Amino acid sequence: MISTRASGILLHPTSLPGRFGIGDLGDEAYRFADFLVGAGQSLWQVLPLGSTGSGASPYSCDSAFAGNTLLVSPEKLVAAGLLLETELTAAQPFSAERVDFDRVREDKTALLAGAFECFNESGNTSLRNEYASFCRAQTFWLDDYSLFLALKEQQGGMAWSEWEPPLRRREPPALERVRTDLSRQVEAQKFYQFLLFKQWFELKQYCNAKGIRVIGDLPIFVAHDSADVWVNPGLFKLDRDGLPLVVAGVPPDYYSATGQFWGNPIYNWEAMRADGFAWWIERLRAMLRMFDLFRVDHFRGFAACWEIPAGDKTAENGRWVAAPGRALFAVAQQKLGELPIIAEDLGVITPEVDELRDALGFPGMRVMQFGFSSDRENIHLPGNYPANVVAYTATHDNDTTVGWFNELAEDGSSRPAENIEREKEFCREYLGSDGKEINWDFIEAVLASRANMAIIPLPDVLGLGSEARMNLPNTVAGNWAWRFKSNDLNENHAARLRELAELHGRVMKVGV
């Protein structure tokens with residue numbers, strides 16, 4: 001972990017500028033890395049990079065191992081000789097401010113298919129060897145995942161639990177038949193993953209050479225309609241038909257009066273313990289390859305999970321069921337060594353969760369927006385941060401700081417009007433602020449705190465309102481779509497961030 005003071009920006013690659021309807025791992029990602037260097041920042045935090053299937057949430061992926069191929073840069077495919085520039089100019093026009101995931105998926109799928117055709121027809125021995133090496137290294141998940149996607153397409157997008165029984169139960173003769181019938185489609189999916197990971201590791205190498213550490217994000221759960229559950233049904237609490245008996249969520253909290261109903265299947269922890277947590281060990285190993293450190297979402301689920309009856313519609317009737325986090329991480333540390341994990345310990349936290357986090361030495365999180373809901377003893381106020389935490393002005397689940405400060409009760413807020421006004425008044429008093437640049441007041445307070453690491457979502461640097469919010473928990477539509485435009489971020493932002501980072505001792509040297 002980083003034991004010296006550092007700071008950085010939270011920005012998911014999908015939010016980068018670009019002409020293909022979604023941010024990707026092309027030139028704009030490298031420009032953003034250069035911006036971080038100029039701004040004195042040494043951390044780039046992203047959301048999960050997993051494949052999101054037909055949805056958009058990076059916290060509900062169809063694989064715990066596969067990457068989101070919507071992030072593949074078409075321009076880099078041209079540079080690699082896998083597409084022609086004329087194929088890019090034919091791409092449909094997209095919004096520069098919001099991602100239309102359905103249209104982007106249609107367009108990007110066609111470009112990837114063209115790259116695959118070119119690869120098959122080319123004699124590029126170096127690329128072929130690189131691809132073969134990738135396939136060998138990823139055998140734990142790649143073949144099954146690629147077959148899963150090819151089958152889903154063949155089955156018209158149906159969930160695996162609705163497939164005919166031989167396929168649903170993965171009977172060997174049925175799998176052998178479809179592997180033969182769908183061999184080309186399977187190979188295409190494997191190639192798309194190769195392209196994604198190749199571009200990702202090139203970008204990460206560039207960041208690391210510039211002194212930037214990349215922070216990843218590991219969702220604790222996977223989607224039911226995922227390759228992981230289809231391949232490993234015994235590792236989840238399912239009925240005979242492969243449907244969940246219980247699903248994940250959290251009880252009523254700050255975000256929702258009825259709790260958050262996530263719907264992910266719950267792990268069969270006893271089955272996982274019996275095989276030495278093999279699936280989790282491989283998952284953590286993959287994260288260690290991809291990132292310099294990573295945040296574990298919903299860390300408290302390793303102490304106990306909120307199990308909701310599968311037929312419910314809200315999270316209110318769930319119950320806490322113990323999970324063997326201590327045993328899991330003991331095995332992981334024995335096999336993998338030090339785990340550079342940030343524990344997302346927000347929400348309803350018990351002494352057991354604190355003890356687990358502290359025993360493992362993982363830093364927790366502090367979110368400044370939460371600091372004004374009570375009094376000056378609130379652990380989320382910057383003056384109360386210890387060194388071993390990661391401090392945020394806000395996270396992807398919060399409104400932007402400007403949006404939060406300007407919130408009105410009549411906007412449909414779940415908070416009473418008197419609570420909103422009380423928090424605003426406390427905020428102004430605590431910061432000595434007139435509220436005109438509340439985002440920068442928050443940024444400076446977090447950077448000035450004792451927290452070793454401080455992370456600022458890019459919308460807070462830009463001073464944007466609720467239109468730039470990434471996610472509203474417990475809702476489905478309209479999330480994950482925000483993008484910034486290339487001229488939104490400029491040298492003035494870089495200079496201001498660098499000044500604050502230098503003032504508060506957070507500018508790191510390359511190699512530190």
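Which residues of H4 are buried? I started there and found Phe101, Val104, Asp107, Lys108, Leu111, Leu112, Ala115, Phe116 and Phe119. For me, buried is under 20% relative accessible area and exposed over 50%, with partly exposed in between (1.4 Å probe, protein chains only).

Housekeeping before going on. This is a predicted model, where local features need pLDDT of at least 70 and side-chain atom pairs count only at pLDDT 80 or more, while totals for chains, interfaces and linings use all residues. Numbering runs from 1 along each chain as its sequence is written, and side-chain values use heavy atoms, with hydrogens and water left out. Helices (H or I, at least four residues) and strands (E, at least two) are DSSP runs, numbered from the N terminus.

**Helix H4**

I checked the length of H4: 21 residues, 30 Å from first C-alpha to last, close to the 30 Å expected at 1.5 Å a residue. The expected span is 1.5 Å times one less than the number of residues. Next I asked what covers the buried residues of H4. The cover includes helix H2 (74-79), helix H3 (85-89), helix H5 (125-137) and H9; contact here means heavy atoms within 4.5 Å.

Then I looked at glutamate 121, which lies in H4 (residues 101-121). Is glutamate 121 buried or exposed? Its relative accessibility is 67%, so I put it down as exposed. Leucine 82 is 39 residues from glutamate 121 in sequence, and their C-alpha atoms are 10.0 Å apart.

**Helix H19**

I ran the same length check on H19 (residues 491-503): its 13 residues should span 18 Å at 1.5 Å a residue, and the end C-alpha atoms are 18 Å apart, which agrees. The buried set in H19 is His493, Ala494, Leu497, Leu500 and Ala501. Down the axis of H19 those buried residues fall within an arc of 135 degrees, so they line one face. That arc is taken over the directions from the helix axis to the C-beta atoms. A reminder to myself: an α-helix has 3.6 residues a turn, so residues three or four places apart point the same way.

On the face of H19 turned away from the buried side I found the exposed residues Glu491, Asn492, Glu499 and Leu503. Strand E1 (6-10), helix H1 (27-38), helix H17 (438-448) and helix H18 (458-462) are among what covers the buried residues of H19.

I also looked at both ends. At the start of H19, a side-chain oxygen of asparagine 490 comes to within 2.9 Å of the backbone nitrogen of asparagine 492. I count a polar contact as a pair of N or O atoms within 3.5 Å; within protein, one must be able to donate a hydrogen and the other to accept it, and residues adjacent in sequence count only if both atoms are side-chain atoms. After H19 comes glycine 505, with a positive phi near 65 degrees.

**The parallel sheet**

Two strands pair if DSSP finds at least two bridges between them.

E1 and strand E12 (residues 453-457) run parallel, joined by 5 bridges. Serine 7 has alanine 454 in E12 as its bridge partner.

**The antiparallel sheet**

My last stop was an open sheet of 4 strands, E5-E4-E7-E8, with antiparallel pairing. Strand E5 (260-265) and strand E8 (319-322) stand at its edges, each with a single partner, so one side of each lacks a neighbour in the sheet.

How many residues of E4 are buried? I get 5 of 5. Val246, Ala248 and Val250 point one way from E4, Val247 and Gly249 the other. E4 (residues 246-250) is joined to E5 by 3 bridges, with valine 250 opposite glutamine 260. Another 4 bridges join E4 to strand E7 (residues 304-309), where alanine 248 stands opposite glutamate 307. In E8, glutamate 307 has arginine 319 as its bridge partner.
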